[in-house]
Amino acid sequence: MSNLTLPSVPQDGRAITVLGPIAPKQLGRTLIHEHIMVDFIGADAMRPARYDPEDVFLKALPHLRQVKSAGCNTLVDCTPAYIGRDPGLLRRLSQASGLQIVTNTGLYGAAHDKYVPKFAYAETAQQLAARWVKEFEDGIEPLGVRPGIIKIGVDSGPLSEIDAKLVKAAAITHQRTGLTIASHTGDGVAAMAQISSLKSHGVAPEGFVWVHAQNETDTRLHLRAADAGAWVEFDGISSATAEKHVELVLRMKQGGYLSRVLLSQDSGWYHVGEPGGGDFHPYNFLFTEFLPLLGRQGVSEAETAALIVHNPRTVLTRLKQRPD
Ligand SMILES: [Zn+2]
C-alpha cells in the first residue's frame, strides 16, 4: 500500500505530539516520562465520568507553564489507556501551556494486571496490536489524537502469560508504526526477558526503553541492557532521590553508556478520586536542581544535552526498521 492512499499517516522521521507530527529537532529539552493524570480504580471500573476534565486542566496547567519557563520544551505523558489516559485533555493542555506533549498507545500489565481490560485476555497479540496500530493510523477515538510512543508495563520476574502477550503486541506495533516501546518494568529480570522476547519477535533493543531502571539494585544489569542497545531510563528523580540518581548516571558515564540513558521524574499525577486531585508534584526539579547537580559532579554540557535533548529525540523519532 503506498502512502498516497493514507495521506494522513505521518511519514517516517517525524515525532508525533498531541498537536500533530513535528520535526524531531523541534522537540528540544524533553521530559521522557511524566504523568498529568492517573486513575488507580482499575480497568473494570474505569469511566470518563469519574473525573471533571476542567478540574484536571486547571490543576495541571500552572505546573506545565512552570516547567516550560524552566526550559522544558516537550513532556511525554506516560499514562496508558485504562489508567487515566485522556488525549483530548492533553491536547487542550498543550495548546494552553505552549508545551509540546506526547501521548501513548498500549496497555499496562504491571501492578498484577489490575489495569488490563478483559478483552486483552481474550484477544491474541496480533489483535491487540491491530488496535494499537489503528490508534496510530486513525488517531485515538474520539478526537483522533495520535500516540507518539508505545507504553506497556510488566511485573517483576519472568514474563507472565499476559505480560508476554503485551510485549509481543508491542513488537508488532513497533514494526508497523516505527514507534519506540517504553515499558514500565518491575525489575532487571523482567527487563532482560523483554529484550530477549523483543529480539525473538524481530525488534532490536534500540526500540525498547527500560522504564524505572533505578528500581533494579544490580547496576550491572543497567550496563548489560545499555550494552545490548536498549534505553535505560532513570526516572522518579526528586529531591529525595537526587543523590542516588547522580550515582546511577555517573556509573553509566564511567561505563561509556550515557548515550543510552534517559532521565525523568515520573512526577505530576492528578489522582482521580482524591479531593482536588490530591498532591500534584511539580515538573521543574530536574531543570532547576538536578542538571546543575550533575554539572557539579563533572557531567559536561554536551553530556547533559545528550541526556535531555538528543537521547529523547532519538526515542521519539519514528523510524521503521522494516522497509515496506
Ligand atoms: Zn510513570
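User: How do you know that the radius of gyration of the chain agrees with a compact globule?

Analyst: The radius of gyration is taken over C-alpha atoms, and the globule rule is 2.2 Å times the number of residues to the power 0.38. With 324 residues that rule gives a value near 20 Å, and the chain has 18 Å, so the two agree. Along its principal axes the C-alpha trace spans about 50 × 45 × 40 Å. This is a predicted model, in which local features need pLDDT of at least 70 and side-chain atom pairs count only at pLDDT 80 or more, while totals for chains, interfaces and linings use all residues. Residues are numbered from 1 along each chain as its sequence is written, and side-chain values use heavy atoms, with hydrogens and water left out.

User: What makes the phi angles of Ala111 and Asp113 worth a remark?

Analyst: Most residues other than glycine have a negative phi, and most peptide bonds are trans. Ala111 has a positive phi of about 55° although it is not a glycine, and Asp113 has a positive phi of about 70°, again without being a glycine. Ala111 is found in the loop between β6 (104-105) and α3 (119-122), where helices (H or I, at least four residues) and strands (E, at least two) are DSSP runs, numbered from the N terminus. Asp113 also has its place in the loop between β6 and α3.

User: Which peptide bond is cis, and how do you know that?

Analyst: The bond from Glu141 to Pro142 is cis, with omega near 0°. Pro142 has its place in the loop between α4 (125-138) and β7 (149-154).

User: What makes a set of residues a nonpolar core, and how many residues has the largest?

Analyst: A nonpolar core is a set of buried Ala, Val, Leu, Ile, Met, Phe, Trp, Tyr and Cys residues joined through side-chain atoms within 4.5 Å. The largest has 80 residues, and those with the most contacts inside it are Ile36, Leu93, Phe234, Leu263 and Leu294. Helix α5 (residues 161-177) gives the most to this core, with seven residues. A second, separate core of 15 residues includes Ile32, Val76, Val102 and Val211.

Terms used. Buried means under 20% relative accessible area, exposed over 50%, partly exposed in between (1.4 Å probe, protein chains only).
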